[in-house]
Amino acid sequence: MNENQARMSAYWKRNLKTLVVLLLIWFLVSFGCGILFVDFLNQFKIGGYPLGFWFAQQGSIYGFIGLIFVYVVRMNKLDREFGVNED
Amino acid sequence: MDILTWTYILVGLSFTVYIGIAIWSRAGSTKEFYVAGGGVSPLANGMATAADWMSAASFISMAGLIAFAGYDGSVYLMGWTGGYVLLALLLAPYLRKFGKFTVPDFVGDRYYSNKARVVAVICALFISFTYVAGQMRGVGIVFSRYLEIEIEYGVLIGMAIVFFYAVLGGMKGITYTQVAQFCVLIFAYMVPAIFISMQLTGNPVPQLGLGGNLADGTPLLEKLDGVMTELGFAAYTAGRKGMGDMLMITLALMVGTAGLPHVIVRFFTVPKVKDARLSAGYALVFIAILYTTAPAVAAFGIYNAIQSTSNQNISELPAWVQNWQKTNLIQIQDKNGDGKVQYLANPETNELNIDKDIMVLASPEIAELPNWVVGLVAAGAMAAALSTAAGLLLVISTSVSRDLVKNFNPGISEKKELLIARIAAAGAVVLAGYFGVNPPGFVAEVVAFAFGLAAASFFPVIILGIFSTKINKEGAITGMIAGLVFTIGYILYFKFLHPELNSSAHWWWGISPEGIGSIGMLLNFACCYLVSLFTPAPPQQVQDLIQEIRIPKGAGKAQEH
């Protein structure tokens, strides 16, 4: 494996690590808080919302938006670090 | 001015804008026709994706679905937005780097096989046709309700408009019309929602109003739970579906969203890989404006509907109830003859039937808003239906002209290819119109098909095509076919062959046909992996291609070759 290949495989590993962390959060805010733990969370209130219900109909969507923008920022940084950015 | 005049003016005005944009952004080359020349800004693409994605069903029916399903309706909210995270993280940037024009292009090249390409084309055509028939029907319904035109003529007018800008403008025309359509539809959705939220809770932001208090100080959701249980329904914020089924339906909708070809192809139109990522973020923001408002519209709608009808004298019902009774979307039958409306969970004694579409369609009247708002909602519903129809028609025409004709006759000139693409688009419009006028009796059921099929066919082979270097053509073809056959079989069995068995007692593992795409997807993954273990690995040039699409640098514009 030459130097360039080693760099690219390091880049790919960092990319996969970012994906795993973000997808874990993706799972937690939707399947976790919105479905699996919904009854538990409904004991708590956020405004007039039961918390689990809020996650299922509002919070998960805000979480998804946050995740994509965090991904954009992190990947742009990673691309520059490895010199694979496009400009 | 009366409602009808306002509707004609606003719908007419919006159509003029769409046609104007189509003439201005006419496609001159195949590249402009397929991917708008690859030069769309991430923000514009985000808006276009949002309009592409939000269909007549999102605009007209989703709030009503949630209103009657309560917490269970969350599957649509999470399912149809969470898919964008998968798109942004796992698909869009890599497919953009791959740099061709269609999903079958990717499948065919990555799996070095024309058989795989043809299987992918069949999936794309099937998914797109089931979807587009529903859109054309939506256009017809809006015309007939608001403009008092027969559904058939409504569909014809819708066909003429889409024909004009999709056939003439291709992806370039569609993109910029979709930007305009997004603005129309989101404005039309938000205006009544904001006013109703203010009336009920005093808060102009519907997302906060849903968690707000009513005039008497009780939280709206608490009051709604109380009202529903009093009438014999389950509490609004409590679930009725099994947890396993909730998980599976949500997953199938998310993965299905990420696998829909007309959504994926939008990410081929931006200049760079990083634009594809950003654009998915913008798209979700624009989609979320509607998707976080819909549950508020749902709760406000069902609360208002119950308050203004339940135990009221039939002769003193508000004007909007009487108006919509004429269209049969609200039906009242005084079964016990006491002159009042009883809305109850028990179908034997219930006297009120409300169609789910009422929650959005009648919202301006419920809030006693001026007549022009009604016209605006009509224009918005039309924008939602037309923008989705156009995106689907483009997938159909591209599949025919590029994935079939061009691929098997590489010698044809660009001019000829463009002509074939236009003829295919025209043919697709006519066919879609036919299904709009003569809908197969199961339009609602086939939507479950589209998502289940996208989840069970495309998603696994695209993901594995990017993230694994080991999966070969034998694996991918087996996987797609196994996923498809299993999912189609399960849905056919419960929806068409034995609808009487369609209940959780008979479902496998308690999973409804809506959620079975998740299992189809897992089956597809498993087949890809197992078959690839025992068959030769992909050749070196494919290994190089995979390494190449993993790195953003050097994307360039979508290439023609």
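What is the mean pLDDT of chain B, and what percentage of its residues reach 70 or more? In this predicted model, the mean pLDDT of chain B is 86, and 97% of its residues reach 70 or more. Over residues 557-561 of chain B, however, the pLDDT falls below 50, although this stretch has 12 contacts in the model beyond near neighbours in sequence. For chain A, the mean pLDDT is 91, with 99% of its residues at 70 or more. Among the elements of chain A, the lowest mean pLDDT (86) belongs to strand β1 (residues 45-46), and the highest (94) to helix α3 (residues 51-81). For the complex, the predictor gives an ipTM of 0.95 and a pTM of 0.91.

The contact between the two chains involves 43 residues of chain B and 35 residues of chain A. On the side of chain B that touches chain A, at least two residues each are supplied by α5 (74-98), α9 (206-209), α10 (220-230), α11 (243-259) and α13 (273-309) of chain B. Of these helices, α13(B) provides the largest share, 12 residues. In composition, the residues on this side of chain B comprise 25 nonpolar, 12 polar and 6 charged.

Helix α11(B), one of the contributors to that side of chain B, also packs within its own chain against helix α21 (residues 517-533) of chain B, the two axes coming within 7 Å and crossing at roughly 65°. From α11(B), the residues that take part are Met248(B), Leu251(B), Ala252(B), Val255(B) and Gly256(B), which meet Gly517(B), Ser518(B) and Met521(B) of α21(B). The residues of this contact divide into 5 nonpolar and 3 polar, with no charged residue among them.

Within α1(B), the residues Trp6(B), Thr7(B), Leu10(B), Val11(B), Ser14(B), Tyr18(B), Ile21(B) and Ala22(B) are buried. These residues cover an arc of only 140° around the axis, and therefore lie on the same side of α1(B). On the other side of the helix, Thr5(B), Leu13(B), Thr16(B), Ile23(B) and Trp24(B) are exposed. The cover over the buried residues of α1(B) includes α7 (114-146), α8 (151-201) and α17 (371-408) of chain B.

Val374(B) counts as buried because it has 22 C-beta neighbours inside 10 Å, where 20 or more are required. Apart from neighbours within four places in sequence, Val374(B) is in contact with Ile3(B), Trp6(B), Thr7(B), Pro364(B) and Glu365(B), and two of these partners, Trp6(B) and Thr7(B), are among the buried residues of α1(B). The C-alpha atoms of Val374(B) and Ala188(B) are separated by 8.9 Å, although the two residues are 186 residues apart along the chain.

Leaving aside neighbours within four places in sequence, Leu418(B) is in contact with Thr30(B) and Phe33(B). By contrast, the C-alpha atoms of Leu418(B) and Ile306(B), 112 residues apart along the chain, are separated by 55 Å.

Two loop residues of chain B were noted for their backbone geometry. Tyr112(B), in the loop between α6 (103-110) and α7 of chain B, has a phi near 35°, a positive value in a residue other than glycine. With 16 C-beta neighbours inside 10 Å, Tyr112(B) counts as partly exposed. Asn311(B), in the loop between α13 and α14 (319-325) of chain B, likewise has a positive phi, near 60°, and is a residue other than glycine. Asn311(B) is exposed, with 12 other C-beta atoms within 10 Å.

In chain A, Arg14(A) is placed in helix α1 (residues 3-36) and counts as partly exposed, with 15 C-beta neighbours inside 10 Å. The C-alpha atoms of Arg14(A) and Met75(A), 61 residues apart along the chain, are separated by 9.5 Å.

How values were computed: Residues are numbered from 1 along each chain as its sequence is written. Chains are lettered from A and ligands numbered from 1 in the order in which they are written. This is a predicted model: local features need pLDDT of at least 70, side-chain atom pairs count only at pLDDT 80 or more; totals for chains, interfaces and linings use all residues. Helices (H or I, at least four residues) and strands (E, at least two) are DSSP runs, numbered from the N terminus. The arc is that of the directions from the helix axis to the C-beta atoms. Two residues are in contact if their C-beta atoms, placed from the backbone, lie within 7 Å. Ala, Val, Leu, Ile, Met, Phe, Trp, Tyr, Cys and Pro count as nonpolar, Asp, Glu, Lys and Arg as charged, and the others, Gly among them, as polar. Axes are lines fitted to C-alpha atoms, for helices over the stretch in contact, and angles run from 0 to 180 degrees between N-to-C directions. pLDDT is the predictor's confidence in each residue, from 0 to 100.
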